[in-house]
Amino acid sequence: MQGNRNKTFKEMNPSLLDPNGMVAKPRFPKPEIQQIDRRTWLTWVATGAFAIWTELAFGFGRRGWGIALGNVDLAMGLAEAQTQDPVKVLRVITEFVNSYVLVRGKEIAIVDTGLPNSGAKFGEVIKTAGLGWDAVGHVILTHYHPDHVGSIGEVLSVAPKATVYAGAEDIPQIKSPRTIKPVADGDEVFGLRIIATPGHTPGHISVFDPVGLLLVVGDAMTNINNKLSGSNPQYTTNMAQANESIKKLAALKFEKAVFGHGEPIEQGASAAVAKLASTL
Ligand SMILES: [Zn+2]
């Protein structure tokens, strides 16, 4: 999927065009709908014009469907405008815990802030992306445990533009110099979808990039020594709820998963999570 990031919409969908770059004859009877990429569907109508339905999920703070009627160039231009780059994920390791720097273009969202006194480590990783602290627009905290929020003060002190977010139930437990904005299941931050995954803590959240098919798990699961496991019972508020959250994550389709504790799963991550969920 990542290989598509620099391709145009037309290059990604050659079957829609004939060798001259013109629109091919519809190969399917009207008004059948064909999925032409992850979130864009195209349907031909009788007049030779067609409608394009595209999920307006990103950047507008709401989910819905938009419809445009017109010629192929209009529709393809629209589809291209709606296609957002996936985030690039960089890991920040502070001893036994991972935090993440998610980069899209010249903007950054940080997920978790690691152990205390880790601000400089974040700075180094941001630098490897060719950016500085002023690129950090968002800091998302998966949950209140001290190994995930330890450097929130340090990070916010050098990221003046950043808004900080966490699940509402966890916010009272987090000491932050800036007011934390509560987020709920289905909310969107930086084009990323918040998935409520309570159980590990009451307000635990995971973060999903539906374009890059990436899941930032937090502590809803661990992958220590590449062994995918449920929420660590030793630190879990409600185990039954934590297991339900894993089943919920198993219903999503994603390729890559990154964890608060353990190694990333680079490929086939949702299949692995579904397998784990079937044992719970
Ligand atoms: Zn935790």
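**View A. Antiparallel pairing of strand 12 and strand 13.** Strand 12 (192-196) and strand 13 (205-209) run antiparallel and are joined by four bridges, and I195 has S206 in strand 13 as its bridge partner. This is a predicted model, in which local features need pLDDT of at least 70 and side-chain atom pairs count only at pLDDT 80 or more, whereas totals for chains, interfaces and linings use all residues. Residues are numbered from 1 along each chain as its sequence is written. Helices (H or I, at least four residues) and strands (E, at least two) are DSSP runs numbered from the N terminus, and two strands pair if DSSP finds at least two bridges between them. The open sheet that holds this pair has five strands in the order 11-12-13-14-17, with mixed pairing. Strand 11 (188-189) and strand 17 (256-259) stand at its edges with a single partner strand each, so one side of each lacks a neighbour in the sheet.

**View C. Strand 9 between its two parallel partners.** Strand 8 (residues 136-141) pairs with strand 9 (residues 163-167) in the parallel sense over four bridges, and T163 of strand 9 is the bridge partner of H138. Strand 9 and strand 10 also pair in the parallel sense, over four bridges, with K181 in strand 10 as the bridge partner of Y165. Four of the five residues of strand 9 are buried, so this strand is largely enclosed by the rest of the structure; a residue counts as buried if 20 or more other C-beta atoms lie within 10 Å of its own, as exposed if 12 or fewer do, and as partly exposed in between, with C-beta atoms placed from the backbone.

View D. The buried residues of helix 3 are G119, F122, V125 and I126. They cover an arc of only 125 degrees around the axis, which puts them on the same side of helix 3; the arc is that of the directions from the helix axis to the C-beta atoms. A120, E124, K127 and T128 are exposed on the other side of the helix. The cover over the buried residues of helix 3 includes strand 5, strand 6, strand 7 and helix 5 (152-158). G130, which follows helix 3, has a positive phi near 75 degrees.

**View E. Helix 6 and its cover.** Helix 6 (residues 239-250) has 12 residues and reaches 17 Å from its first C-alpha to its last, close to the expected 16 Å, where the expected span is 1.5 Å times one less than the number of residues. Its buried residues are A242, S245, I246 and L249, and they lie on the same side of helix 6 because they cover an arc of only 100 degrees around the axis. Among the elements that cover these residues are strand 14 (214-218), strand 15 (221-222), strand 16 (229-230) and helix 7 (269-277).

**View F. V139 in the largest nonpolar core.** V101, A109, I110, V139, L215 and A257 touch the most other members of this core of 54 residues; a nonpolar core is a set of buried Ala, Val, Leu, Ile, Met, Phe, Trp, Tyr and Cys residues joined through C-beta atoms within 7 Å. Leaving aside residues up to four places away in sequence, V139 touches I110, T113, V155, L156, A159, A162 and V164, where contact requires that the C-beta atoms of two residues, placed from the backbone, lie within 7 Å.

**View G. Two asparagines in the loop between strand 15 and strand 16.** Most residues other than glycine have a negative phi. N225, in this loop, has a positive phi of about 55 degrees although it is not a glycine, and it counts as exposed because it has 8 C-beta neighbours inside 10 Å. N226 lies in the loop as well and has a positive phi of about 60 degrees; with 9 C-beta neighbours inside 10 Å, N226 counts as exposed.
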